[in-house]
Amino acid sequence: MYNFLTGPMVWITFLVVVVGLTYHVVTYIRGLDWRLDRVGYRPNMQHGLKGAARSIFFWILPWGSHGWRAKPLFTLLFFSFHIGLLFTPIFLEAHNIMLKDSWGIRLPGISAGLADFLSWVVVIGGIFLILRRIAYPEVRILTSAYDYMLIVIAVSPFLTGLIARYNVGNYDFWLLIHIITGHVWLLSLVFTKLNHVVLFFLSRAQLGMDYGIKRGGMKGTQMTW
Amino acid sequence: MPEGILCNKQPIVTDEQLKLTLGDKSGKQYYAEMEQLEVDTDKLWSTIQNTMKSRLKTWLNICAKCGLCADSCFLYECNDRDPRQVPSAKIHATLGEIVKRKGKVDNAFMRKCMDIAWSWCTCCNRCGQFCPHGIDMGVMFSYTRGLLFSQGFVPWELKIGSGMHRVYKAQMDVTTEDWVDTCEWMADENSEEWPGLEIPVDKEDADIMYTLNAREAKHYPEDIAEAAILFHVAGENWTVPSEGWEQTSLTIFAGDWEGCKQQVLHVYDAIERLRPKRVVGTECGHAHRATVIEGPYWAGREDGQPPRPYIHYVEWLAEMLRTGRIKIDPAKRIKEPVTLQDSCNYVRNQGLKNITREIMSYLVEPGYFVEMAPNKEYNYCCGGGGGFNGIGKYRPQRNIALLKKREQILATGCKLVVAPCHNCWDAIRDLEEEYPIGIRWSFLKPLVIKMMIVPDHLKPQDEEGEEE
Ligand code: SF4
Ligand code: SF4
Ligand code: SF4
């Protein structure tokens, strides 16, 4: 079981993720339609790309956009959560060793302390996201079981990773659960709303092009929406 | 009853049908028929499959349900922060449901969608600036309105409005004859005070072709005279077309996309026929959006540009003031606190935020211009946008929507509001009527006319050729 999950299954999962996300990107771009969207993408590509770059840049910069500044605390929560979520699994030493063993490459690793810290940030961030959904009527009305499930999926590998690492209970058991939840996590990037891992960039780029081309960009007004 | 006599899936295309629908006092029969209207669920679903591609589909799917868009919507705030008014909640309760049920929705649901699409959202596009995913509910609701229109679920006034455009090529029953007469009448009426004043119709190869809002032709002809006076003083070589002069588009509010295309093509035909160097539109936000920002796409112009450069009135005016072709008498500058309404349709939707401020710098004595908060592209809708102003059925909701603008204006402490948008002007007028706060409001044209220096040779001369 363990060997399968850390051997062939890794290949399968990576393959599904790469193919699946590529599929999302390709269908998104192909589905853009200057008539339906009412944005002249092609003839105004320069303005469009500039708008797209601006839009992405200001939104991946903490407090970079007006929208992020309007909600400073949420922004802090949001960015720590996402940094932990993406940064930790990629640079974790243990993952890197496995990577080296199977593919012969390795990325720079981070210290165990930092990895722990970031994992805790994800777990606590997830808890806050859940509490926020319960506490605020304007978020509660939007929330369904699916949204809670996504948070659980996103957080589980981190929580199980911490449990395994601190040797709470049976190490092998928790390691196995950690690996399974990790696979679920990765596959969810393709099959659930977590596909926003790529669609965020595409959606932002699209709106950025819209602004860059017709909503002010070509009039020389830069709007940092 | 699948389709009613007044309320049905066909747009109004004949004068007869138009008069019939208009005759139905405040849409009583129309709305009664609507309760029986059948939903063509197959057509609804196939339309969605053909038109809901990347952008809209992804937006519906990836919405993180984070609620960050809540506070951005003035309707949410005015309605005591009713969670149902959160932009994301509104769209998922309407379009989201239709998609989820693959178009299989019933009459009652469609009527609910109509209420939400036209009285819970003005398509002001403000929320789109606050969503991390860049989801723009204004765009989504505009799309939803299109679906509803095609199924006959559209407020009575907008069914008529769309019909007006299809029958009269204008949002009101102003015929070509009425229009040309109005131009002659206004030129005559003002010729004593403004010798040589002309409203040239169908002049070819002029520097400027002027287009406007049918409301001006029908109810505020003095606005046409004011435009003429300012062109006259600036020494413009200008013209208006006899056909294709109507720049507004109630069809855009109605979601009648075919009608939008027809209307904008009238204007573009006039441009091609008269070959002006450029076109100037009146002080109207949605007219600019319909004809200049979205119009090229309806007309099938891939570059997104009208056939000739087409500017908003504020751009023309700023240019005149900047180049000194119109000069303001310093003694007459505004010396009281004055604020400015940023129209969503050409500020948020085309970035003309600095131009209007440049105009204010000429018109207002330094120190008297007060900004609203928030302002520029973050300004709130006047409360009457997207057709809201004109729909009797939703008057109570519209009146609540005015409260945000009221609050904003009160906070500036100004008694004078400059509103270079027809719709905003109407909303601010209604605001003073509904909740008197002792304000005045104005377009730019009458202000500038009062304040400008008139060159001697344009002033009326007495018999001896002396100045009066
Ligand atoms: S801010 Fe955007 S992602 Fe969040 S709930 Fe609103 S529309 Fe959805
Ligand atoms: S477009 Fe404007 S009115 Fe509509 S939901 Fe967004 S902020 Fe509210
Ligand atoms: S009427 Fe003016 S403020 Fe209101 S939506 Fe239209 S442009 Fe915006």
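I started with Tyr210(B): its relative accessibility is 0%, so I put it down as buried, the cut-off being under 20%. Keep in mind that this is a predicted model.

Next I looked up Phe231(B), and at 0% relative accessibility it counts as buried too.

Then the ring pairs. I got 24 aromatic pairs over all chains. I checked Trp68(A) with Phe79(A): the centres are 5.2 Å apart and the planes at 70°, so I call the pair edge-to-face, which needs over 60 degrees. Trp68(A) sits in helix 5 and Phe79(A) in helix 6 of chain A, 11 residues apart. Both of these residues are buried.

Back to Tyr210(B) and Phe231(B): I read 5.3 Å between ring centres and 75° between planes, so this pair is edge-to-face. Tyr210(B) belongs to strand 1 and Phe231(B) to helix 13 of chain B, so the contact ties together parts 21 residues apart in sequence.

Which residues do ring pairs link into a cluster? I noted Trp59(A), Trp68(A), Phe74(A), Phe78(A) and Phe79(A).

I also looked for charges over rings. Arg126(B) lies over the face of Tyr380(B), 4.1 Å from the ring centre. Lys445(B) has its charged end over the ring of Tyr313(B), at 4.6 Å from the centre.

Last, ligand 3. The residues around it include Cys344(B), Cys381(B), Cys382(B), Cys421(B) and Cys424(B). I also listed Gln341(B), Ser343(B), Asn345(B), Gly385(B) and Asn423(B) there. The shell splits into 5 nonpolar, 5 polar and no charged residues.

Notes
Residues numbered from 1 in each chain as written. Chains lettered and ligands numbered in written order. Predicted model: local features only at pLDDT ≥ 70, side-chain atom pairs only at ≥ 80, totals over all residues. Heavy atoms only, no water. Near = heavy atom within 4 Å. Nonpolar A, V, L, I, M, F, W, Y, C, P; charged D, E, K, R; others polar. Phe/Tyr/Trp six-rings, centres within 6.5 Å; stacked < 30°, edge-to-face > 60°. Helix = DSSP H or I, 4+ residues; strand = E, 2+ residues; numbered from the N terminus. Buried < 20%, exposed > 50% of the residue type's maximum accessible area, 1.4 Å probe, protein only. Lys NZ or Arg CZ within 6 Å of the ring centre and 35° of its normal.
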